[in-house]
Amino acid sequence: MPQIAQLAATYSSQIFWLLITFGLVFFVIGLGMVPKIQSTVEARDSKIAGDLAEAKAAFARADEIEAQQRAKDADNRAAAQAMVAEAKAKAAKASEKQIATADAKIAEKISAAEASIRAASVSALQEIEAVSADAARDMVAKISGAQATPEAAAAAVKAALAHG
Amino acid sequence: MAESGKIDPMHQFSIEPLFGTDHWQLAGHNIAFTNSALWMVATTIVLWIFVAGGMKRELVPGRWQAAVEFFTGFIDKLLLENAGSAGKKYMPYVFSLFMFILLANLLGLLPLGLVGVHPFTFTSHFTVTGALAVLSFSIVLIVGFFKHKLHFFSLFVPHGTPLPMIPVIFPIELVSFMVRPFSLGLRLFVAMTAGHVLLKVLAGFVINSTNAGVGYGALVGIPSFALMIGISALEMLVACIQAYVFALLTSLYINDAEHLH
């Protein structure tokens, strides 16, 4: 086994060169280069973390704005609905008034018409009475030859008409 | 060594000086530049290229940058999970340790023998793994005593230990603590050595059986080769797992030093 057989002859040179090479590795690479690499990694990590936090904040802000927008929307809608309801109520009142005035006019017209109808029917009845009295006097004169007075005839006709 | 049909599966671990054999000395110790040192340098260069490729520092990473950031993130998470936020400051060390061992293991597995370069896995030498383990262990000791002074010894007395049990528990915990660098170093060394030996033994089967004749080659060589493919995949997994285990245990020990249980 050369590790043992050559130990006495080679241990000093092995240790010497190991210290030289490993020392170089430690001081040049370990102390000189590794911290720089690590700082690069750390800078990247912190940048990523910062960007993520920024994105999260932006998200939160967007959410907030959306909520505000939504609240505004709801307010606007409520206001619009109130306006619509008010307008509806106003319109209903106006149309009610109109209907009432129209009703009154119509009722007036109807009552006037009724009055004229009644007057017409009264005058028609009087005419019928007069005609009937004449006819009755004629009938009395023809049948009995007696002359009935217009007053008697009218009274008779009135009585007959009252009986239906 | 393929002399007279004999293949030595241990030869891959032998250290061969490339230059500076005799006269490179440091305080009386030989510091020759060997194949082991060559692969350490190669590992360092490959690791530097890999990490440097991920230094573009772009906000949206490319593939290479993402790969490097995957590894730093992996070790960062490992430390955070096992040593808490106090473990963050050990990131340079644990990252260096993990990547150095990982690349050493993986580079040693490369089939470069096909082009005449002999890969050498220096993590299969306990001199190296032991040195790394001692390094990790020293950090634990230094941090532990610096942070908690002598209170660090309370690490060896678990919470809720009855008073009469303390004289018994303390040595046991102390021994289990002192064994840590050995288990840390030996685990990596054994895993790497065993895997490479197994691969070389099977490769020896393939070569020797084929040399012995077509029939032997079909009967022994082909199944051995199929097994080698599977074990190579397994070895890559082991290379990653052992690097991970080394880093994981180091961070666990660091946690002990930082938080005392």
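**Figure 1. The contact between chain A and chain B in the predicted model.** Two residues are taken to be in contact when heavy atoms lie within 4.5 Å, and the structure shown here is a predicted model. On that basis, the contact draws 36 residues from chain A and 50 residues from chain B. The size of an interface is often given as the accessible area lost when the parts come together. Between chain A and chain B the buried area is about 3,800 Å², with carbon and sulfur atoms giving 74% of it. On the chain A side, the residues that lose the most area to chain B are Gln3(A), Gln14(A) and Phe22(A), which together account for 18% of what that side buries.

Figure 2. Two helices of chain A, α1 (2–5) and α2 (7–144), each supply at least two residues of the side that touches chain B, and α2(A) gives the most, with 31 residues. By residue class, the side of chain A that touches chain B divides into 21 nonpolar, eleven polar and four charged residues. Side chains of opposite charge can pair when their charged atoms come close. One salt bridge is found across the interface of chain A and chain B; the side chains of Arg44(A) and Glu69(B) meet in a salt bridge, at 2.8 Å from N to O.

Figure 3. The patch covers about 860 Å², and chain A is represented in it by Ile20(A), Leu24(A), Phe27(A), Val28(A) and Leu31(A), while Ile45(B), Trp48(B), Ile49(B) and Trp64(B) come from chain B. The elements that give two or more residues to this patch are α2 of chain A and α1 (35–53) of chain B. Its largest share, five residues, comes from α2(A), the helix in which Ile20(A) has its place.

**Figure 4. A salt bridge within helix α2 of chain A.** The side chains of Lys47(A) and Asp51(A) meet in a salt bridge, with 3.4 Å from N to O. Because Lys47(A) and Asp51(A) are four residues apart in helix α2 of chain A, about one helical turn separates them. Over all chains, the count by this rule comes to eight salt bridges.

Figure 5. Chain B has seven helices and four strands, and from the N terminus on its elements run β-β-β-β-α-α-α-α-α-α-α. Taken along the principal axes, the C-alpha atoms of chain B fill a box of roughly 70 × 55 × 45 Å. Val197(B) is found in helix α6 (residues 180–212) of this chain, and, with residues up to four places away in sequence left out of the count, Val197(B) touches Pro9(B), Met10(B), Gln12(B) and Phe13(B). Arg187(B) lies ten residues from Val197(B) along the chain, and the C-alpha atoms of these two residues are separated by 15 Å.

Terms used: Residues are numbered from 1 along each chain as its sequence is written. Chains are lettered from A and ligands numbered from 1 in the order in which they are written. This is a predicted model: local features need pLDDT of at least 70, side-chain atom pairs count only at pLDDT 80 or more; totals for chains, interfaces and linings use all residues. Side-chain values use heavy atoms; hydrogens and water are left out. Buried area is the accessible area (1.4 Å probe) that two parts lose on being put together, summed over both. A salt bridge is a side-chain nitrogen of Lys or Arg within 4 Å of a carboxyl oxygen of Asp or Glu. Ala, Val, Leu, Ile, Met, Phe, Trp, Tyr, Cys and Pro count as nonpolar, Asp, Glu, Lys and Arg as charged, and the others, Gly among them, as polar. Patches are made of residues with over 30% relative accessible area and no salt bridge: like charges are joined within 9 Å, nonpolar side chains (Val, Leu, Ile, Met, Phe, Trp, Tyr) within 5 Å. Accessible areas come from the Shrake-Rupley method with a 1.4 Å probe; for residues, only the protein chains shown count as cover.
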